[in-house]
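Work through the exercises below with the sequence and the model at hand. Each task is followed by a solution in steps.

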Amino acid sequence: MAKFMGIDVGSTTVKVCVLSETYEILYTSYERHFARVKECVLDQLSVVEGKFGGGDFRVCITGSAGLGLAERSGVPFVQEVQAAFTAIRKYYPDADAAVELGGEDAKIIFITGGTEQRMNGSCAGGTGAFIDQMATLLNISVPEMDELSLKAEKVYPIASRCGVFAKSDIQPLLNQGARKEDISASIFRAVVDQTVAGLAQGRRIKGKVLFLGGPLYFLKGLRRAFKETLGLDDAHAVFPENAPCFMSIGAALYAENVDPMPLAEAVERIKNAKNSDDIVTGEPLFKDRAEYDAFVARHKASDLAFEDIKTYRGDAYLGIDSGSTTTKLVLITPDCKLLYEHYQSNNGQPLDIVLERLREIYALAQGRIRIAGAATTGYGEDLIKAAIKADFGIVETVAHFKAALHFDPKVDFIIDIGGQDIKCFKIKNGAIDNIMLNEACSSGCGSFIQTFAKAMGMEIDEFSKLGLFAKHPVELGSRCTVFMNSSVKQAQKEGASVEDISAGLSSSIVKNAIYKVIRAKTPDELGSNILVQGGTFLNDAVLRSFELETGKQVVRPGIAGLMGAFGAALYAKENVGEASTVVTEAELRYFTYTSKSHVCKGCTSHCNVNVIGFSDGRKFISGNKCERGAGLKPHSDELDIYAYKYARLLDCRTGPQGKKRRGRVGLPVALGFYEQLPLWAGFFEACGFEVVFSEKSSRQLYFKGQHTVASDTVCYPAKLTHGHIESLLDENVDFIFYPCESYNLDEHDSANHYNCPVVAYYPELLKANNERLTAQNFVMPYIDLNDAKTTVRALHKALKKYKLSRRLIGRGLKEGFARLGKFQEDVHEKGNEISAKAEKRGIPVVVLAGRPYHVDPEINHGIGKLLTSLGIAVLSEDSVFFKGREVLVNVLNQWTYHARLYRAAEYATEHDNVDLVQLVSFGCGIDAITTDEVRSILESRGKLYTQIKIDEINNLGVVKIRLRSMLAAIEEQKRRREKR
Amino acid sequence: MKKKKTNGRPPVDFRDDYPRFTPEMKHTHKILVPDMLPVHFGIIVDFLHKDGWDIEVLHNDSRAVIDEGLKHVHNDTCYPALCVTGQFIDALKSGKYDVEHTAVMITQSGGGCRASNYIPLIRKALKSEFPKVPVISLNFAGLEKDSGFPVGLKTLLKLAFAVFYGDTLMSLFNQCKPYELEEGASAKARQECVEMVNAAYDRGKYLSYMPIVRKMLERFSKIERSREEKVKVGIVGEIYVKYSPLGNSHLEEFLLSEGCEPVVPALMDFVMYCAVNNVNDAKLYNKKSIATPLFAVVYRYLLHVQRRIIRLTEKYGFEPLHDFEHLRRCADKVLNQGVKMGEGWLIPAEMAALAETGTDNIVCAQPFGCLPNHIAGKGTIRTLKQMYEHENIVAVDYDPSATKVNQENRIKLMLATARENLKEKQRRAEGADKK
């Protein structure tokens, strides 16, 4: 009889298993394939041949990258979850569920209580690959990361949806000097959260749980995180010995159903499997060597002149760009010659790098050079500025613009692609006119190539050079890294070469920038004098792809990677006064620092505050959202309508009226309730109910309801609702009231007055996915508040149990509307008050325009506070829109909340000191339409448009840069206006 | 209950100007229509041609279509908008059409979903490169009055019956194709039936639906089919990706190639769903308009026709389309019919109805991040699984960059379970036979 063989070709590894005729495991192997799928499989088959001789085998292939191979070789295929299922039933018949993490897939199999198999969706991000990526970011190996995680003292909240999100949470932690131990543990926790939230979707993982796949086998920290989160003891968390090869064993078992064939035949079939031509390929980057040489020569022209630091005598200016992944330093002479440059990956603490380099500079200068001015910029601007006592800290966008002007005074478009972010500025009339930063989801930036090169077992330089002369670059699409990962997977499946993939990645990054971040319709829209910069453009393949895609020749300075630092140095040179405050050589000699972190207990935000103590006794505090965390008295929020609104909203109860107590009703403070809370509180209190609000939003609250989230791509405000429901259930209210409202209140300034589908029908989803909700404890009538008759009827029916008379309901509604009206009136009044104060004090005003639910500090992450701390008065869309004129827009204006946005924008255009920032929740489909419209209203009247996309991400670093850039641009505009 | 908050000043107009579709253009312009339902659209285009319209259904579906879409539409907008826009622009760029005398047409529902905004989105996309191409709205809600497609009662009837015929053909074809013994027999039958329907329209006999449907049934009955039991897979979801091969990466073909029988619910369901929503709104919120009684009449008439077709289909031993009243009752078991944005309650209704007619394997196709589908699609799966023991649903997101590998892999997972369930069922049936 023939032996059984299972081959599992995953996204990063190949696993082979041989079983005897009696299902005994004879052999297993686990190898990384570095995208050379076919070769790797063949290598392993020859090992098998060596061990067991030729003979007949029943062979079955499984795995995400195995599908294509199986199809083209004619070797039978079994879907990988099915394979796992087969093996589980054989070896662990008493298991209740299994969790499998692979290179890029995550799967859950529920066995008992209704068999169900789930795989991650397209937005769920990688897992194994995600961990690799994070290890790269921390500059340690995965096993090291595992070791470190076991020594963790605390866990930071890290966005768990996809790698890109997590990165933007981790990077600032690193920059703030958080311990790697803690970060490592936090990363594992994020993976667990991701699996629980993204896959379990309303089903609890309980009972005896199997953990399968490579990462779960090799990483103790990850195992621990799973056990802790799921609350499993050793008896219920099973980690099989052969976990990494489990699928291949399953495939081998499954092979029982297929016909045997001689091993040689299987090898032959796989060897001869054709590469399909399904993949789309593009033109080569360069026709030939000569074209490449000409290209290189052209770009050499924009290099800076050098001056020898070892002989130069005189003044010099220091610029430091402490970026998210790299630290850049330059030292220039007054005539802008380059004395010293440095570019280095952060590897954790950027401050160490800066100190070390500064010492080196002083050593090289040997007292000949006086640092006459220093400026810092970038993510770490504040920290570095404080540490070395630099003269200035400037927004990075301003720094980049300064530097660009030096190379091309006519520049009208700057694009900077760095390791973590893409920044684009349009320049009009010599000022930054428009800033575009990549949103959290489109960061297919430089570090992606780096991670990918590593996955291929190569250095980044080597990897990207391969692409230069690729014959058929692969078309990989232009979206987030996760999508690109699966595009690459597909290309590999189809047999694309490493060269073609490398070239394809370069062009993807460029397309991502042009079509996703800038959203240019045609390359001409960018401008006629384009300057490209950022470390990623030092990569010739990316530069070439950019020129090919835009059809334009662009300027790339030789110091493309150092432009931020160069701009900072220029800024210091132009603006420094008497003497520079920067640390002297002597001060530097004994300079040390310590880093500590704690949770601030100043308010409910519970910020993770990081305290860096310098040896001269000064302190630098970061991570805090307000002054409290820094040990200062909080600044007043009298100019922040968001703070007012939130407090005012929750303050709408007066206690049950009438003699008869009818019960306790719970109102979730979520989605539509952020506006209608006073209405329903008023209604129920007038009807004699005690009204209970759900607890205030927080990340903890989100986690509480996470297991009932049905759709992982819905917006964060909707996801939070699940937690609010749980909190009310825990309060033991008699019932939760949450109406479905297709129609919002008609404010008569739009063609229709819909709610968005999520706001309108979320109760249906809650009811369907939370097993604790029943028809008795969850009352969700369909209501159109614009029609009194049907509303009364619907409420009467829904609250039948409480025997409310129609008259009482009518009275209740009247009370409710009165409270809602009062609330809105108060908000309007507060708006007027803030406007008046701002005008009196000459403070600029920002209309932070979103939806009612953006008032929740857990949703807006304290952006209102941030703005007031930057010296700006904050209004909301609902406090001003009625002052703006009605507008007619291109799109169908049919949602109540969105109509307000348009009018608020119109209002902003009519006031010099008012600007508008639009808050958009990630995943909001309707805002894909409103944002363009709001932008065109603002821009048609010469206002800047700024959009801030928010999600669960808690870090305001990027937001702050964005807002500061906007303020700088507004300042600049104002200055120009005044000049004229 | 609230007063209008104006401040006495006239509204500000931020609209861009756009080319209108004027009645004279009927004679000067070619109208392009996106590819969505090949059979249905074929019948419709044929009779519109004869009514004097120069109209063409687009079939371009290369990667360039998606790329054009990505370039011209906000990337966070739903995938159908991207596909449709991309298809228009790719076609207009192909040089095959005189862009001075070409218009594009798309349907518009006017619901609370962002799909109602496709028209402005397409206008915006065309503006820079094809400023003279008008965008025509085909709607029954009185939107875009200055650029709508004129639909008289006669055209309306013709359209309605084209949908009935298209649905019947689509369903019969799917029921025969996987089992045909002679390769291509089903396609041939479909082709002949399409010609027969076109001829009926020629003679003005399009209202004689009973004889027409009977002829179809007779024609398809003649196809020799194997009796082998195959896995049946229902396709539900957002209207465009559910039907359009461009939108769903040729899902029907893929299922056929996997040896399954695709079960695609009727387009008429969506039409009736729209009509019923108007009636429901009147009932729920007293939102009556002059059109409401009309909608009720139209609905009753369509239901009458549908039921007669169903009875006829049953006589010939084919699985009929769903009775719409039955669908509504199915919906009630899962969620309220008040969920009316996008495809709303129709999605769970179809999933339940499919399960009740033996198709419990389902692909729920939706554009990535589709808002109504969060609730009516993914949100209802748990409830449905509790209701039907073998319900086996996979929700697939379609997106410009979601790869076929990923989608197919997920569908294959669903199919693996489906095959297992089928085997189990057969085993049980055998066991019962032995007893």
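**Exercise 1.** Find which residues of helix α5 (residues 142-149) of chain A are buried, and on which side they lie.

Step 1. Helices are DSSP runs of H or I of at least four residues, strands are runs of E of at least two, and both are numbered from the N terminus. A residue is buried if 20 or more other C-beta atoms, placed from the backbone, lie within 10 Å of its own.
Step 2. M145(A), D146(A) and S149(A) are the buried residues of α5(A).
Step 3. Because their arc around the axis is only 100°, they sit on the same side of α5(A); the arc is taken from the directions from the helix axis to the C-beta atoms.

This is a predicted model, in which local features need pLDDT of at least 70 and side-chain atom pairs count only at pLDDT 80 or more, while totals for chains, interfaces and linings use all residues. Residues are numbered from 1 along each chain as its sequence is written, and chains are lettered from A and ligands numbered from 1 in the order in which they are written.

**Exercise 2.** Give the strand order of the open sheet of 4 strands in chain B, and identify the edge strands.

Step 1. Two strands pair if DSSP finds at least two bridges between them.
Step 2. The order is β7-β6-β8-β9 (chain B), and the pairing is parallel.
Step 3. β7 (260-263) and β9 (392-398) of chain B each have a single partner strand, so one side of each lacks a neighbour in the sheet.

**Exercise 3.** How many bridges join β6 to β8 in chain B?

Step 1. Strands β6 (residues 231-237) and β8 (residues 361-367) of chain B are joined by 5 bridges.
Step 2. One bridge pairs V233(B) with N361(B) of β8(B).

Key
A residue is buried if 20 or more other C-beta atoms lie within 10 Å of its own, exposed if 12 or fewer, and partly exposed in between; C-beta atoms are placed from the backbone.
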